Amino acid sequence: MEELQYEELDFTNDFIFAKVMRNKDLCKKLLEVILGIRIRHIEFPDEQKVIDISSDAKSVRLDVYVEGELENVYNIEMQTTNPRNLPKRSRYYQGMIDLNQIEKGADYSELKTCYVIFICKQDIFHRNRSLYAFENRCVQEWDICLGDETKKVFVNPCGDMSDITLELKNFLLYIDTGKIQDKFTADLQSEVERTKSNKEWRKEYMTLLMRDRENREEGRKEGREEGKAEERIKAIADLYAGGGTDEEAEKYLKATKEQMAQARKLLAAEENNCRE
């Protein structure tokens with residue numbers, strides 16, 4: 001989570017985005033604006049749905065997971081930073097959503113049509129488009145659609161907007177500038193302000209922010225400790241290279257038996273590299 005003060009958060013922040021999208025009318029409207037379809041009804045199975053297939057598998061937390069009529073499911077992700085590997089991530093999310101349905105006892109034929117949507121602030125494909133929609137087709141016969149009913153959509157405010165609807169253009173401009181463009185973006189901004197005034201959600205954000213800081217500090221601490229351990233082992237190896245003994249390593253460098261063993265392995269590897 002990007003470290004911002006609560007008052008600085010806007011619609012593009014993951015936390016605010018997920019809360020705003022709990023408003024059914026706004027979430028449904030956003031899906032309609034991005035996909036260019038009409039949706040009668042949506043349901044929220046969970047807020048920021050977590051899919052954890054097994055204890056030893058990587059879980060995934062979805063920003064917004066929505067079920068609609070006509071056996072459709074929608075996953076919307078706000079992606080304003082670190083756009084690397086989004087295509088692979090869309091594949092992973094798609095697979096996890098499908099596995100989650102199968103886990104509930106569904107047959108393959110019962111898998112719902114699934115839309116995975118990424119709202120980005122950059123054109124990750126660099127083709128000067130603001131809307132990229134993907135589905136699986138035959139390479140040799142392009143008119144043959146695989147029919148697996150999986151669709152992945154990426155939108156961004158950086159590409160050409162001449163071939164998208166005015167509503168989508170206005171939404172993307174709102175994402176880019178934070179400025180209200182029409183009634184829909186005004187409604188979004190109003191919900192953002194309402195969300196930020198919620199004291200319980202403020203506490204929740206601050207708790208998440210504090211946990212994020214602690215995790216980063218713990219990571220830095222572990223990195224420092226690993227660096228110190230590597231320096232100690234290198235010093236022991238240097239002692240051995242100069243003819244030093246285990247007794248000297250233990251006496252002068254406070255080396256443990258495990259560190260002495262690692263140092264000898266390091267010295268042996270360096271000697272092998274020299275021979276090569």
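This is a predicted model: local features need pLDDT of at least 70, side-chain atom pairs count only at pLDDT 80 or more; totals for chains, interfaces and linings use all residues.
G68 stands opposite N72 in β5.

Student: What joins β5 to β6, and in which sense do they run?

Tutor: Eight bridges join them, and the two strands run parallel. One example is M78, whose bridge partner in β6 is I119.

Student: Why is β5 called largely enclosed?

Tutor: A residue is buried when its relative accessible area is under 20%. In β5, eight of the eight residues are buried, so the rest of the structure largely encloses this strand. Both of its faces are covered: N72, Y74, I76 and M78 lie on one side, with V73, N75, E77 and Q79 on the other.

Student: What makes β1 and β7 edge strands?

Tutor: The sheet is open, with six strands in the order β1-β4-β5-β6-β8-β7 and mixed pairing. β1 (42-43) and β7 (131-134) each pair on one side only, which makes them the edges. For β7, the partner is β8 (residues 150-155), through four antiparallel bridges; there F134 stands opposite K152.

Student: Which helix lies across these strands, and at what angle to β6?

Tutor: Helix α2 (residues 24-35) lies across β1, β4, β5, β6, β7 and β8, and runs at about 90° to β6.

Definitions and conventions:
Residues are numbered from 1 along each chain as its sequence is written. Side-chain values use heavy atoms; hydrogens and water are left out. Two strands pair if DSSP finds at least two bridges between them. Contact means heavy atoms within 4.5 Å. Axes are lines fitted to C-alpha atoms, for helices over the stretch in contact, and angles run from 0 to 180 degrees between N-to-C directions. Buried means under 20% relative accessible area, exposed over 50%, partly exposed in between (1.4 Å probe, protein chains only).
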